[in-house]
Amino acid sequence: MRRKIVAGNWKMNLDAAASKELIDALQAQSLNPDVTVAVAPPFVHLGAAVAQTQNSKIGVVAQNMHQAPSGAFTGEVSASMLTSIGVHTTLLGHSERRAYFHETDALLAKKVDAALENGLDVIFCFGEELEERKSAIHFDVVTRQLTDGLFHLDAAQWKKIVLAYEPVWAIGTGETASPEQAQEMHAHIRSVLANQYDNELAQGVSVLYGGSVKPANASEIFSQPDVDGGLIGGASLNAADFAAIVNAF
Ligand code: PEP
């Protein structure tokens, strides 16, 4: 059975005290035991977050990493640095990384390889922009992102991959894909995976939806058969809202 996952992407928010406070508040919530729950704080808080969540069900995920093992890459963080502080999963390919830091699918393929070589799991983010949806090329865009970013992997490596479909027009905008739009794309993603690999692999990969998920819309989105959870931005900064989303399954 596919894992149900809700992960909170904190982006560049919260100082050290606020990060600690939010994790404390989350740990005080009762969270659906069937859901894998994680938070992705900024790099500087990861070590403290790992220590703070040692005996809890909340996992700690990085928001990004560099593809090189080490070297003259000022300001960057490598995969082995993450594992050395107890972080075993990273987001890659978030639309803000793609848009503001020019991360291409070719670069992301290298990052994915570096993550897997170091034993990290990857939550791979992708999704079309508004213009691409309006031009009705959104299925092609998503197929290309998966192909260029991930289809060099073999079936065994896919056990370490979670997908997060995030239509760019729905991120931080308050506009959510309708449950039908989410389901339609998630079904497309599974059919592309089945074509490239096989149905067993396609049915085994958790595919999250991201884009303005809130307590009010989470259960409708999560009730879609091919939606296995969510990557949550804004609403993950509030413990009660994030817990309500986790408990929306
Ligand atoms: C995100 O950043 O991954 C995201 C989905 O943000 P929001 O929930 O705020 O739209």
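Leu108 is buried, with a relative accessible area of 0%; buried here means under 20%, with a 1.4 Å probe and only protein chains counted. This is a predicted model, so local features need pLDDT of at least 70 and side-chain atom pairs pLDDT 80 or more, while totals for chains, interfaces and linings use all residues. Residues are numbered from 1 along each chain as its sequence is written, and side-chain values use heavy atoms, with hydrogens and water left out.

Leu108 sits in helix α5, residues 105-117. Helices are DSSP runs of H or I with at least four residues, strands are runs of E with at least two, and both are numbered from the N terminus. Setting aside neighbours within four places in sequence, Leu108 is in contact with Leu92, Gly93, Arg98, Glu103 and Phe124, where contact means heavy atoms within 4.5 Å. Phe124 is 16 residues from Leu108 in sequence, and their C-alpha atoms are 8.9 Å apart.

Now the helix itself. With 13 residues, α5 reaches 18 Å from first C-alpha to last, close to the 18 Å expected at 1.5 Å a residue; that expected span is 1.5 Å times one less than the number of residues. Its buried residues are Asp105, Leu108, Ala109, Lys111, Val112, Ala114, Ala115 and Leu116. As a reminder, an α-helix has 3.6 residues a turn, so residues three or four places apart point the same way. The elements that the buried residues of α5 pack against are α3, α4 (95-100), α7 (138-150), β4 (89-92), β5 (121-126) and β6 (161-165). Just after α5, Gly119 has a positive phi of about 80°.

Lys111 leads us to Asn64. Which side chain does the side chain of Asn64 make a polar contact with? The partner is the side chain of Lys111, at 2.9 Å. A polar contact is a pair of N or O atoms within 3.5 Å; within protein, one must be able to donate a hydrogen and the other to accept it, and sequence-adjacent residues count only if both atoms are side-chain atoms. Asn64 lies in the loop between β3 (58-60) and α3 (79-84), and is buried at 5% relative accessible area.

Last, the ligand. Around the ligand are 14 residues, the closest being Lys11, His94, Glu166, Gly172 and Ser212; the cut-off is a heavy atom within 4 Å. A polar side-chain atom of Glu166 lies 2.6 Å from a ligand oxygen atom, and a backbone N or O atom of Gly233 lies 2.8 Å from a ligand oxygen atom.

Terms used
Buried means under 20% relative accessible area, exposed over 50%, partly exposed in between (1.4 Å probe, protein chains only).
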